[in-house]
Amino acid sequence: MSLSHPLTTTASLLALAAVGAATTAYGVMYPESQLFGSSLVAPPLPNQLALTFDDGPNPAATPRLLEVLARRKVRATFFLIGNFVRLEPALTREIAAAGHAIGNHTMSHPFLPKHSAARILSEIADANAVLEDTLGTPITLFRPPHGGRSPAVFRAARSLNLQVVQWNLIVGDWKDASVDTILSRLENGIVRNHLRRRGTNVVLHDGGQAGLGQPRLKTVEAVHLLLDRLPPDTAFVTPTGGTALWG
Ligand SMILES: [Zn+2]
């Protein structure tokens, strides 16, 4: 084997580094990536729909959302921020009492891959402790804030027996979208996944990382309208945290 020309070697190394960085970015950010560990993305059957709500509990939107879901007997999943659970324990228990699945969304909603392994573990472990103290039941589901995952995030989740849950539909509902925009993105996304013969796991927001009281009633109203328009064979599912994955 001959030695490569130094310039070619440098160019190859640069190219490799670029591929490496792109691959890492894919693994950390792409919602459906399985690069650094396994994440639950979407239910397998096209008529299955998992409604998931992040960044609560939020007294400005969660109670109305619970009414909307109860009206249609729909079971959803709530990924809660530990610091908000601490401030709103009664509302947290109300979500659980209504039969919804509850998951961990860290204490303070940082972008985890930027932080040390110790901080990653404490963000997730502390939120688990607050949730379990508030609800009296073990927590088995975890959604990383912003979907940010790294090997250390998966190690921490595994050490706490948490199933990482991502999504295959996101509609920008937290970016001041109108009710109509949120609704049409929801409907289009569900149809698109259906055409790919997959179910939908959509991330919506009944709260916001900036603090309690974020205005999220447009999200709630879009869900309200969606529930009246979905095909009658829609099966609402939640991640189980167990071997059945969805149920
Ligand atoms: Zn979030």
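Student: What distance separates the centres of domain 1 and domain 2?

Tutor: The two centres, taken over C-alpha atoms, are 37 Å apart. Keep in mind that this is a predicted model. Domain 1 covers residues 1-30 and domain 2 covers 40-236.

Student: How many helices and strands are there in the chain?

Tutor: Eight helices and nine strands. The radius of gyration is 20 Å, close to the 18 Å that the globule rule gives for 247 residues, so the chain is as compact as a globular protein of that length. Its C-alpha trace spans about 75 × 40 × 35 Å along the principal axes.

Student: And what share of the residues is buried?

Tutor: Buried residues account for 39% of the 247. As for contacts between residues at least 6 apart in sequence, 76% of them join residues at least 24 apart.

Student: Let's go to β2. How many of its residues are buried?

Tutor: Eight of its nine, so to speak a mostly covered strand. Strand β2 spans residues 48-56, and Leu-49 is part of it.

Student: Which strands does β2 run parallel to?

Tutor: There are parallel pairings with β8 (residues 200-205) over six bridges, with β3 over four bridges, and with β9 (residues 235-236) over two bridges.

Student: Which residues stand opposite each other there?

Tutor: Taking one example from each pairing, Leu-49 stands opposite Phe-236 in β9, Phe-53 has Leu-204 in β8 as its bridge partner, and Gly-56 stands opposite Leu-80 in β3.

Student: What about β8 itself, is it enclosed or open?

Tutor: Six of the six residues of β8 are buried, so the strand is largely enclosed by the rest of the structure. Both of its faces are covered, with Thr-200, Val-202 and Leu-204 on one side and Asn-201, Val-203 and His-205 on the other. In a regular strand, side chains alternate between the two faces of the sheet.

Student: Which other strand does β8 pair with in the parallel sense?

Tutor: Strand β7 (residues 169-170) pairs with β8 over two bridges. In that pairing, Ile-170 stands opposite Val-203.

Student: Nice. Which elements make right-handed β-α-β units?

Tutor: One such unit is made by β2, α2 and β3. Another is made by β7, helix α7 (residues 179-195) and β8.

Student: Switching to helices: which residues of α4 are buried?

Tutor: In α4, residues 89-97, the buried ones are Leu-91, Thr-92 and Ile-95. Seen down the helix axis, the buried residues of α4 fall within an arc of 105°, so they line one face. An α-helix has 3.6 residues a turn, so residues three or four places apart point the same way.

Student: What do those buried residues pack against?

Tutor: Their packing partners are α2 (62-71), β3 (77-80), α3 (82-87), β4 (101-104) and α5 (117-135). On the face of α4 turned away from its buried side you find the exposed residues Ala-90 and Ala-97.

Student: Where do Thr-106 and His-109 sit, and are they buried or exposed?

Tutor: Thr-106 is in the loop between β4 and α5, and His-109 lies in the loop between β4 and α5 too. Thr-106 counts as buried because it has 25 C-beta neighbours inside 10 Å. His-109 is buried as well, with 22 other C-beta atoms within 10 Å.

Note on methods. Residues are numbered from 1 along each chain as its sequence is written. This is a predicted model: local features need pLDDT of at least 70, side-chain atom pairs count only at pLDDT 80 or more; totals for chains, interfaces and linings use all residues. A residue is buried if 20 or more other C-beta atoms lie within 10 Å of its own, exposed if 12 or fewer, and partly exposed in between; C-beta atoms are placed from the backbone. The arc is that of the directions from the helix axis to the C-beta atoms. Two residues are in contact if their C-beta atoms, placed from the backbone, lie within 7 Å. Domain bounds come from an automatic or database domain assignment. The radius of gyration is taken over C-alpha atoms; the globule rule is 2.2 Å times the number of residues to the power 0.38. Two strands pair if DSSP finds at least two bridges between them. A crossover is right-handed if, with the strands pointing away from the viewer, the path from the first strand over the helix to the second runs clockwise.
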